[in-house]
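Biologist: I would like to learn how to read a few features of this structure. Please start with the core.
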Amino acid sequence: MTRRWFVEAPAERLAGARILIGLFAFVYAVARLPHFARFSRFDPASFRPVGPVQLLSSPLPEAATWSLALATAAFGVAFTLGYRYRFTGPLFGLLLLWVTSYASSWGMIFHTENLMVLQVLALGLGPAADAWSLDARRRGTPSPEPNGRYGWPLRLAATIAVLAYFMAGVAKLRHTGLDWVTTDFLRNYVAYDALRKKELGSPYSPLGAALASYPALWKPMAAVSLTAELAAPLALLGGRFTKVWVALVMLFHAGVLALMMILFAYPLFGFAFVPFFAIERPLERLRARAGRGSSETRSGSSKTPDRDPA
Amino acid sequence: MTTHERIYGGLISALMLLAIASPLLEDEDGFPLSTFPMFSRARPGQLTLAHVVLVQDGTSEPVPPGLVFSSEVLQTKVAIARAVRGGRRAALELCREVAARLHESRKTGTVEVRTDRYHVLTYVDGDETPMKSHLHARCPVTPPRKP
């Protein structure tokens, strides 16, 4: 168990996860800046703090929310580039945790953000800037050998993803039981969602509304979705288990987008599953293609263990 | 890998995973620790919804959430429900705010804040007529009133 948790991994693998996940989180923080900063139109009476925001008894002034949102974006750059990482890694995780929690403290929880925040925190607490970073360039030392210290943050981030999907499956069984699969639950849910969005003037899925008229489609879709969630722990076995599960979950999110117009961008575009794979290999190929990297660090591919990290 | 690094990594991992799994015990949703209950609770066969519509030439269309309160549709739903709960005056205030924004968007017609009840599957089959309707406020699309 301990050996599997602290499995040796190249520093470049953890660094690759830092760059990709950090880049997503940074772009997300910038693209959603008003969502994280502008709360003046909200009624203070509807302030329902969640997570660390429960430390507050009343909302922050708008100057503070803007400052925190801008600081989050700025530390996102430092996180992604690996600059002063021992300080900026955990701090970016904490800032992202704060601004996302604050945005979810007004009566609506944004479940599209949990996984990203938790994985950024996991990577921020590990040595993810020992390679492919401004810190590594400043030190000027050769890239380190594969080590268990680069394995556990990836294992942790992968297990967080598995746990999130497994818990979503458990929630369905707990609240609805097997009725989730054996009845018209999903069909009714999608129809309800389409109606509500349309009547609130929001973009909705005409496809979901149209397919709701075909009852036979929905039970198989519900079965596949619930299976994907409850089978999540198998993804930690590695190899084909991981690949099949990741493909299934990405397909599930594509379905959620097509049928309900709900975008879970982080898992849909694969960022949530980066910690499962030897991501340094395609990144090294990209670096080589760009004609950089050969003189900066030793080639990471020779140090890359053959087995899949998961 | 040193013993110190192993203890640190083990401790961080154990604490994070225990914290993430902890909502299972209470079945309590939150952020960032959640039971991930999205899509897990049954929806009723009928939907009663307070919303804001623009009536123009005898047809009504829902006003986009960005012109009502926020671009987030569920936050807007909460804001409309709060205005409706606040009584006729609060509903009329919301109506006038939306009418002013629509005027800025060069729209014409009448704004209505109302609660409609629909049969979900009948609606997606094409009959979008509400089963029941209650009007809370109505106001023309006009420029904002000066304070």
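Modeller: A nonpolar core is a set of buried Ala, Val, Leu, Ile, Met, Phe, Trp, Tyr and Cys residues joined through side-chain atoms within 4.5 Å. Buried means under 20% relative accessible area, exposed over 50%, and partly exposed in between, with a 1.4 Å probe and protein chains only. This is a predicted model, in which local features need pLDDT of at least 70 and side-chain atom pairs pLDDT 80 or more, while totals for chains, interfaces and linings use all residues. Residues are numbered from 1 along each chain, chains are lettered from A and ligands numbered from 1 in the order written, and side-chain values use heavy atoms, without hydrogens and water.

Biologist: How many residues does the largest nonpolar core have?

Modeller: It has 127 residues, and those with the most contacts inside it include Trp245(A) and Val52(B). Helix 8 (residues 152-176) of chain A gives the largest share, 13 residues. Helices (H or I, at least four residues) are DSSP runs, numbered from the N terminus.

Biologist: How is a pair of aromatic rings described?

Modeller: By the distance of the centres and the angle of the planes. Rings of Phe, Tyr and Trp (its six-membered ring) pair if their centres lie within 6.5 Å; planes under 30 degrees apart are stacked, over 60 edge-to-face, the rest tilted. The count over all chains is 25 aromatic pairs. In one tilted pair, Phe24(A) and Tyr266(A) are 5.1 Å apart centre to centre, with 55 degrees between the planes.

Biologist: Why does this pair tie together parts that are apart in sequence?

Modeller: Phe24(A) lies in helix 2 of chain A and Tyr266(A) in helix 14 of chain A, so the parts tied together are 242 residues apart in sequence. Phe24(A) and Tyr266(A) are both buried.

Notes:
Helix = DSSP H or I, 4+ residues; strand = E, 2+ residues; numbered from the N terminus.
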